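Here's a quick briefing for anyone opening this structure for the first time. Take a look at it, then read on.

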Amino acid sequence: MLEVVNLTKRYQKTLANDNLSFQVLPGEIAVLIGPNGAGKSTAIKCIAGLLRFNGIISVCGHPNKSVEAKRCFGYIPELPAPIDTLTVYEHLEFIARAYRVENWQEKAETLLQRMELDDKRKKLGKELSKGMQQKLSICCALLPEPKVIMLDEPLVGLDPHAIKELKAMLTELRARGCAILVSTHMLDSVAEFWDKALIMMNGRIAAIRTRAEIESTGEDLEQLFFSITEGEPAGGAVQ
Amino acid sequence: MRAILFLIRKQIKNSLMELLHHPARLITNAAVIAVLVMSLLSGGKADRSGDYLDLRILHGGFMGVMLLIGLPSLLSGLKNGAAFFQMSDVNFLFVSPISPKKILAYGLVKQMAATLLMMLFLLFYGATLSNLFGLAPWQTVALIGCVALLVFIMQIFALLIYSFTSGRPERANAVRAAIYALVAAAAAIVVVSFLSGGSDLEALLAAVSSPYLAWVPVFGWIKGLAFGIILSNRTEAVLYGGLTLLALAGGILLFVRSDADYYEDVLQAAETTFELKKSIREGRSFQKRSDKPIRVRETGINRGWGADTFFYKHLLQSKRKSRIPFVGTSSLVLVAVNLILAVFLQNIGASESDPIPTGVLMAGCLLASAYILFFFNIAGDWVMELAKPYIYLVPESSFSKLFWASLSSLIKPAADGLVIFTVLGVFVHANPFTTVLCILIYATTGFVFTAGNILSQRVLGTVGNKGLIMLAYMFMLALLFAPGVGVSALLYAFADFLPGFVIGLPIVVSNILVSLGIYAACRNVLSNAEMNNT
């Protein structure tokens, strides 16, 4: 489970995240959405342990910067950054060794095949296209079989096959009890599988809704988003 | 034109206003300017009756520096033109109904201003130039001004070359041949003059200051102009200045007349510069992708479990860069620099019939190598690792990740030091103890640089201004080196009967203790660090 309690992040005079609190439960896909500058990326980076912050972020019950939390956490950043001088397969080997993943080869094979990277295993990081870098980043994040997975704009740059495959993977991971947080601008891309929507605006969580709550009002995610971010009328109360 | 003038006015005004709104930046800029002026004036106050280096060395050095700066710029024209414009210019000006020629004029003016600003930093070397060659401040400014002129002209030519050769390989080959012919001509003048002059130091000095070099197009003309000015030779200054101006005007005219549709010619360079600036802003300044092909011989990290995987990954990456791990191009560059420096110092000693002791010679080379190491270290494995997310995500303790991820950065200077000073020691017949001392000091200097990086990450990690970080980082390094250097200096001053090895040893011991202390104090740095490229 991912739990964020009173997360506050300030860059000098800018308050990027103001007292955010939310949970992503096991077997749940939460989407973090919001207009540009809402503070999503900052929140993502705080959760990933890349930034300092005030508040509590726990992953599987452990503080997010602890070794225990990192062991069950997978992160797919918005901008993939492969290591120029390692091959695709060596990236996976590196992750397996660093995360102490036993018998990783078979899992790596499966991931490479699903992402259609199996014929690129000897390609160096610097030789990969943007899309292939993103696919590699996904494989690296999923190899240690994390229980909490966070994806920042995961579908950007992917080809249709990889998009289909990643969506299938997310659904499978949810079925296995993973807590998944997806940050995205593309509401359509997550429409079919989201369970909980976290809508951010001006550095705050403006609303939290479950799919059941929204569907009971006859609305969809897009309508809710615009009602909150642009003040258009919609059903349901804002948190 | 009104729109462009408005743009220039606004850019200047807003830059100044921004400076006023950021007192720290203002103070830094003021401090830099003060240091520049002091550096220049302190050189100017040097005792002019003293002994100075032969001015012919400056002739050769100046020509060398111009070729070193100008040629890559000229050759870049064959690949991607010149970086006259920024992406904002492309996005806003290029699509506007303003005449392309006016936009080009705007680009040229902006580029000229940027070049002059960039060259201001060369003034840091003003005092050194003045002290070595007995130059007055105005003479130093004239030399640097001529380098700025060269940079500017080379960028115009790069643009012209790109426009002329883009998509036409046969033209590109012809231009490349012409550029190489130019260099070959300059080299031929020096070699012929050296061989015909008796092949000794005197002949070398005469060769590198040969008056025929001034006839090498543009490079030689600017050199002629520079020395015409500083030696108050009005005829030469006017002659070569005139030729240079003709080349500049000719270049601009040719470009404007040949093709006003130059947007495509500058687009690639604008995009490259945009990417580069973005990287620098995001703290990925040294991660520009290399075009150099990497041969993958064997695959697999094969060792490591947990945090030590970082080290074995670095080892594999190092093997990919060179056959012998940790000894690569940078090591060879350092060996070459040191051998050239040693020959240079030996010749200076020989010409004055007062040979420089090998210990002093080794110390001079050690100092120069440590200076270069500072820049190599900034691009070390540890610093590169901080820009990727894995170092933060891997589930291991902060200290073990810190140790293993920085180990290769510690080994690299030790390996380099071993190679450089062994070769140098043999070459100058140095005392083996001196050689060992140099290796140890160089290696432990590398430790302090890496430890300094870690400390900087711990202490200065959140400061926004990169310029301030750099100043503070350098100040911090000076403090870290102070104990060892201080004790050694005291020993040298008050106990000079001791052998050199013993006098230098406190630096080694202090560097090791300081580095260990920083590792211990910063063991949790990765728990508190913020990733740079956020």
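Predicted model: local features only at pLDDT ≥ 70, side-chain atom pairs only at ≥ 80, totals over all residues.

Residues are numbered from 1 along each chain as its sequence is written, chains are lettered from A and ligands numbered from 1 in the order in which they are written, and side-chain values use heavy atoms, leaving out hydrogens and water.

**Where the chains meet**
- Chain B brings 41 residues to the contact and chain A brings 39 (contact means heavy atoms within 4.5 Å).
- Together they bury about 3,700 Å², with 57% of it on carbon and sulfur atoms; that's the accessible area (1.4 Å probe) lost on being put together, summed over both parts.
- There are 2 salt bridges across the interface (a side-chain nitrogen of Lys or Arg within 4 Å of a carboxyl oxygen of Asp or Glu).
- One salt bridge links the side chains of B:Arg320 and A:Glu90, at 2.6 Å from N to O.
- On the chain B side, α13(B) gives the most, with 7 residues (helices are DSSP runs of H or I, at least four residues, and strands are runs of E, at least two, numbered from the N terminus).

**The sheet in chain A**
- Chain A has an open sheet of 6 strands with mixed pairing, in the order β6-β7-β8-β3-β9-β10 (strands pair if DSSP finds at least two bridges between them).
- Its edge strands are β6 (73-76) and β10 (204-210) of chain A.
- Strands β3 and β9 of chain A run parallel, joined by 4 bridges, and A:Ala30 has A:Lys196 as its bridge partner in β9(A).

Technical notes. Buried area = accessible area lost by both parts, 1.4 Å probe.
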